[in-house]
Amino acid sequence: MKKAFKKARFAVIALALLFTGFGFQADRVAQAANNGLAQKPLMGWSSYSMQVYSGNGAWITAAQLKAQSDAMHAKLQSHGYEYINVDAGWNGGMDGYGRPVPSTVLYPNGLMDVIDYVHANGQKFGLYMIPGMSPQAYNDDLPIFGAPGCSMQDIAVQPLTTADYWGLGYKINFANPCAQSYINSIADLFASWGVDFVKFDSVTPGSGHNDTTIDARGDVAAWSQALSAHNIWLEISWALDHNYVDTWKQYANGWRVDWDVECYCVNTALTSWPNIARLFPDAATWWRDAGPGGWNDFDSLDVGNGAMDGLTQDERQTAMSLWAMSSAQLYTGNDLTNLDAFGLSLLTNDEVIAVNQAGRPAHPVSTASNQQAWYANNGDGTYTVGLYNLGSSAATVAVNWNDIGLNGAASVRDLWSHTDLGTFNTGYSAVNLPAHASRLLKVTAAGGSVTANDDDTGIKYAGAWQRSYNRGLGDYQDDVHFTQTNNDYFEYAFQGTGIDLVTEKDASQGNVDIYVDNVFKQTVNTASATRQLQQTVYSVSGLPNGPHTLKAVKKSGTYMLLDKLQFRVASPIPVNDTDPAVSYTGSWTLNGNRGFGDYQDDVHYTQTNNDYFQYAFNGTGIELVTEKDPAQGNVDIYVDNVFKQTVNTYNPTRLAQQTVYAIGGLPSGAHTLKAVKKSGTFMLLDELRVKSSQLQYNDTDPGIAYTGSWSLNGNRGFGDYNNDVHFTQTNNDYFQFAFTGTGVELITEKEAGQGNVDIYLDNVLQTTVNTSSPTRLTNQVVYKATGLSSGTHTLKAVKKSGTYMLLDSLRVTP
């Protein structure tokens, strides 16, 4: 640590602190703080970066704090920012009970005047503290408020010992009950002022003392107890030692993982690229520890003003991406009254903020190079993917779907440009990404299966679980979670149509009770005379497409293990703009063969304001896909005749196949989407994508039985479902598919080389369909049966003519 760093930090503090066997390796799974707070990462502002930048305490005066509060209210609050947190230097001494009192110089009308002002703006207010007691309070042996017979000298560790990094205060002996009374008295005082948040600094082990020579764990526990009684958030700082993460998670709502992000470049810069880059290894270490109740803290996000930040625009965007992707506490240290346009766009990008607030910390595929792919499985068939070039020159950064547990094709959306980039079969590459630049993406599975490893942050473990890693036995991603305690369990919430529980079988394992959506399903036996890796011990399919929960409870045996979960997601059902179920009102026109990349190469358009289209659908959600273009404008969206929002379809350049509106989580059943033109020269409709309870099965599904000389043709690039088809050239070859449901659709390609196909349902000939077309048409529903009796049925399709017969996919209605 540089001496300049120590001196600068000390100078700011000193203004205020007159007061003070199974596998190779295993980690215990610690539970988060249970005080009802921190269900999402904090969003707000902290004073410390500007205090350091200016080299004085002017940034925490009443006038300045009110100015920052007003600026947040005007610029950031509608995007979720709500905390105004004051760092060191706010107090002006102590009262007769050793409790801090606010500076009368900084707050001539009292600190409560400022707190009330912040609260009136709909915000929350935070203060700063450090461990220990003031030497002056000890020397004066002040009484402890509300604790008759208790005084400061009763609760000091003897011989006197320093309590913090700077040696400002004396260590407290928490074995004496009077010590908790003292901390309670301060928390009670803060609560009476209206304080909502406390940053507790110089916590050890950490803060430059990664041993127990200075040990603040007792302070943390005491402050946690005192503040929880008042619903006050406890954030601990700084550079916490990860070896003690169980303690941090038990007592705190957030924890700093590294040194100050500030570069201590007075009047020159707030931070620097090395201070950002060093957080990547921290994120790779701490990501499993964050979740509802407590979050990783990367310190202030200083990206709001390029003239002050000390970062390039690429570096500023990379920092925001890292904070968002890691679900780190999202608070900026910039002067909120002086944000530049680019900084404001970074801090208010709602798609990026949503990644942060979703609380799914990302982790790297590998840190072996400076070109890194990071990802988080969101449990609904989508992933957050960050591509980072941490090197000093431009380079290509790629992600492979298989590396992140995505099996099949996926669509990619750039969250910074709000642009849909298309569908990619095996992965995505950011070509020639500049030094220190990044891409932040939303990747959505086009159907098929999605894998969640046992350390996925969406899996909630209850009981004495541990993670065993580097076992070298062939586990998925070389790790498992295990417990030895009966009635311990895990739960996983996912959105899809089915799920597989994959684990090891071994002689030391026993019975596991399985629940789906809180309904007991069966007891599965995971015992085996010999060790068997990656065994599917429970599987369920045919669930309605939507949210579900899997729960598994240990009932017997020495161990219960989890290796991975694999759940299935349904592909959205594409509806072209020419579908007869789309109802157009006004002067709409069909424009085909445009060659711009539209779905099925056509769109409907109108030039008249208040023209609209409607579409009635059965499902749980829908996406509106259209073109963005300089000639287009605002569109009002209604779902079930209720206004939802106005979407802007303008873009300086033409972008095809853009999702401009999406809604999910609707009750399964009938709904209506309506979109009304409000401005711009044109309004277009390209495609609708319906999220329904229907299940789509790729041609490679093991449930499809092929008879004859069939072949698989992959990577055709024609727009097939999952980019492959099965085909045969021999008449009377056929496939059969047994399904459970009330309807089925046969989806294939139409093309000049194809001909007639006989369709049988439950061994009864239904029809002969013609799959010939002068031009190639992919994803065509050539046969559809509805209204079947609920139960098991069989579909059979037989080649009768043409050069080829193809199968792309099948779609079943439960």
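The legends below describe close-up views of a predicted model.

View 1. Strand 2 covers residues 43-46 and includes Trp 45. Trp 45 counts as buried because its relative accessibility is 0%. Leaving aside residues up to four places away in sequence, Trp 45 touches residues that include Trp 59, Leu 65, Gln 68, Met 72 and Tyr 83. Tyr 331, Thr 332, Gly 333, Asn 334 and Leu 336 are also among the residues it touches. With Asn 334 there is a polar contact: the side chain of Trp 45 reaches the backbone oxygen of that residue at 2.7 Å. Phe 739 is 694 residues from Trp 45 along the chain, and the C-alpha atoms of the two are separated by 55 Å.

**View 2. Helix 13, residues 313-325.** The end C-alpha atoms of this helix are 18 Å apart, which agrees with the 18 Å that its 13 residues should span at 1.5 Å a residue. Helix 13 is mostly covered, with 11 of its 13 residues buried. Among the buried residues are Glu 315, Gln 317, Leu 322 and Trp 323. Ser 327, which follows the helix, has a positive phi, near 55°.

**View 3. Salt bridges of Arg 316.** Arg 316 counts as buried, at 2% relative accessibility. One of its salt bridges is with Asp 309, where the closest N and O atoms are 3.0 Å apart. Asp 309 is buried as well, with a relative accessible area of 0%. Arg 316 also meets Asp 340 in a salt bridge of 2.9 Å, N to O. Arg 316 lies in helix 13 and Asp 340 in the loop between strand 11 (330-332) and helix 14 (341-347), so this pair ties together parts that are 24 residues apart in sequence. Asp 340 is partly exposed, at 23% relative accessibility.

**View 4. Further salt bridges.** The structure holds 31 salt bridges. One of them joins Arg 217 and Asp 215, with the closest N and O atoms 2.7 Å apart. Arg 217 is partly exposed, at a relative accessible area of 27%, whereas Asp 215 is buried, at 17%. Elsewhere, a network of salt bridges links Arg 471, Asp 475, Glu 504, Asp 506 and Arg 531.

View 5. The strands follow the order 16-21-32-26-29, and their pairing is antiparallel. Strand 16 (406-407) and strand 29 (532-540) are the edge strands, each pairing on one side only. Strand 29 pairs with strand 26 (residues 498-505) over 6 bridges. In strand 29, Ser 539 is the bridge partner of Asp 500.

Technical notes
Residues are numbered from 1 along each chain as its sequence is written. This is a predicted model: local features need pLDDT of at least 70, side-chain atom pairs count only at pLDDT 80 or more; totals for chains, interfaces and linings use all residues. Side-chain values use heavy atoms; hydrogens and water are left out. Helices (H or I, at least four residues) and strands (E, at least two) are DSSP runs, numbered from the N terminus. Buried means under 20% relative accessible area, exposed over 50%, partly exposed in between (1.4 Å probe, protein chains only). Contact means heavy atoms within 4.5 Å. A polar contact is a pair of N or O atoms within 3.5 Å; within protein, one must be able to donate a hydrogen and the other to accept it, and residues adjacent in sequence count only if both atoms are side-chain atoms. Two strands pair if DSSP finds at least two bridges between them. The expected span of a helix is 1.5 Å times one less than its number of residues. A salt bridge is a side-chain nitrogen of Lys or Arg within 4 Å of a carboxyl oxygen of Asp or Glu.
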